[in-house]
Amino acid sequence: MSAPTSVSDDVLERHNDVVHLASPAQLAQTALRQLEVGIAIVDAKGVVVEWNDRLSALLRCSRDDAIGEPFVLLVDDDKRSSVRRKLKSALTLGQTAFFSHESYGHLVQVDVQRSLGHAVDAMKQDATFSPLLADDGTVIGACISVNDVTPQHLVQQALEQANAQLRYDIGRDPLTGAFNRGYLMSQLTKTAAASRRHHQPACVLLLDVDHFKMLNDTEGHLAGDAALVHLAGCLVDAVREEDVVARYGGEEFCVLLPNTDVDGAMVTAERVRAAVEDMQVPFEERTLRLTVSVGVALLDVDDSDANDDGVERSLKAADAALYDAKRTGRNRVRRA
Amino acid sequence: MTSVDVHPAPAALEVTPDHLEALQEIMNVAIGRSSSALASLLDAFVMLSVPRIRVLPLRDLHSHLKDLVDDETFVVEQLFHGELSGQGLVLFSKEGLAVLLPQVFSDDELRTIGREQAETEMLLEVGNLVMSATAGTCAEQLHGSLTFCAPKVLQHGVSFDDDDDGVEDGGDRATLLMETHLETEEGSTRALVILVQDAHSNTWLVQALDTFLQELFG
Amino acid sequence: MSALPRVLVTDDSRIARASIVRQIDKTRFTVLQASGGYEAADLYAEHRPDFVFLDLTMPEGDGYEALEKILGIDKDARVVVVTADIQPKARQRCMDLGALDVVPKPVPSDICQKLLNAVDGGASA
């Protein structure tokens, strides 16, 4: 062996010697210890026999403290019974069980301090409980792998928020914030189907602002807009949470009332008409008043295959009733 | 997604009556094991009835499910990989959820984790168990490899609607549809298990069933 | 009438029956097959087999009924119940009714051979 020519050569030579001495078994053992995934290995009774470095870091519990302990005692109190079930699945039934952060958040609460960006209270952890089998198929232990999934969780959260916003934006009329016609139509179809399936009636109200053109002409379009915005709010307040208030046309609104029969719909329609009559719309220094005419119709679900035709028929019927209300003096409710 | 490999096109549905009989028996065993596994896990009386199984081309799945599935059906999805690979689905009705929930969670636990989360977790656990037993037994009996991914509750169900997207080439794939009844002390409910296979798994399955029958009858 | 001991295999699935039947050495045993509980009881009465494999979940005369019936015919009948659902309650019920044992389905070959060996004292040399 020639004399090393520099210090770094000497270090490299020694380093090479060390690497050559590691056996495959040692490499495997080292891999287990240093893997990016947290790994715990338990025997058939659920007692920890191996605990890697990553797990020590993730769960803030050292290898020395963990080995010899029943795994279930090393997780948070409120997670214990769930973890017990997962371990039972692996050790007794020989079936892999999954512990997801979406359901439980974490195995062990580890505070995460995120000074910049969205806050997250604690590390999100996923875990898999896999049975370890001998050649003859008997369960000799289990391997529990734990992952920090906080980054994925944050991405998922951001995505869900963006989607919710998008759904909201797509389904809404920009002026009034009521649902738009597109959303209404899909809801009508869904409600008709549910109505048919559960044998529960549903109704539609078609409302049209009385003398809207005159309002626009005398007070201006902005006044008309303000009136519509207030009207939408008034409608939403007057009906239940499950009812759908949508802007159907320029000055026309449609309210979908699931699980309501015609008599109930008439009561709601009258309540709505009265509320609109009482409504005061502040605009510039004035107060605008309006009334609506209302047509009420049952959502037609008799034709089981031509579901969409049923919806069209219902809207036509409500429209005819609305026309009737207009014709007989406005500011009133008529049924189909 | 176009495939650019050189494998032959996925085998059309070639499941014979003999294959079906073999699958029926394999699933009888699978459901029996699910039953005892569930009973063990819940530490309660649980019985899963002998399943009614149908093997259909994937494109026909929708029409069969139309009457069985509604807005209040909960779907647990679990993907699996190996010689047997594909998408597993376990479906429970709302009533099923009500029947199973008190068996899995105590009142204290329900208070601590909250009802909605408990429901999700229960669906995942029971779904995972049933799917493990079902696909697992299938693979085991047919000497195939299999490994599972984590189960997932599908928030908006799967689209069982009448559109053909994504089902053009794969429409022939043998899809297993199983109906069983789950009975506990709290009541009984129907559960559906569906195995939608990947194309290569479809080919493997037919061969594996042939081998299985060969071993039995020569 | 053959001098070989008789084994009755009962299951509504011919696949399940085949999986047991193929494990039975035909030079040592005569195999009878039944596809339902009533048939099994009838065959038992007629042939008095030395050993019975009995599936629990059958549509025509379920396993429990068949078990009771067979043990009614012969209280020393050797019946082993075969079932995929090995819940303790089910097992207990079978044992209480007089079953010799309850084994999982499909029957592992070592268990099958052990049971058969007990019937004729082991494979002939």
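Select C:Arg14 and B:Asp18, whose side chains meet in a salt bridge at 2.8 Å, N to O; the term means a side-chain nitrogen of Lys or Arg within 4 Å of a carboxyl oxygen of Asp or Glu. Between chain C and chain B the count is 3 salt bridges. Next, show helix α1 of chain C, residues 14-21, which gives the most to the side of chain C that touches chain B, with 5 residues (helices are DSSP runs of H or I, at least four residues; strands are runs of E, at least two).

This is a predicted model, in which local features need pLDDT of at least 70 and side-chain atom pairs count only at pLDDT 80 or more, while totals for chains, interfaces and linings use all residues. Residues are numbered from 1 along each chain as written, chains are lettered from A and ligands numbered from 1 in the order written, and side-chain values use heavy atoms, without hydrogens and water.

Now select the whole contact (heavy atoms within 4.5 Å): 16 residues come from chain C and 23 residues from chain B.

Move to chain B and select strand β3, residues 73-81. With strand β4, residues 86-93, β3(B) pairs in the antiparallel sense over 8 bridges; pairing requires at least two bridges found by DSSP. B:Thr73 stands opposite B:Ser93. In the hairpin turn, pick B:Gly82, which has a positive phi of about 140 degrees.
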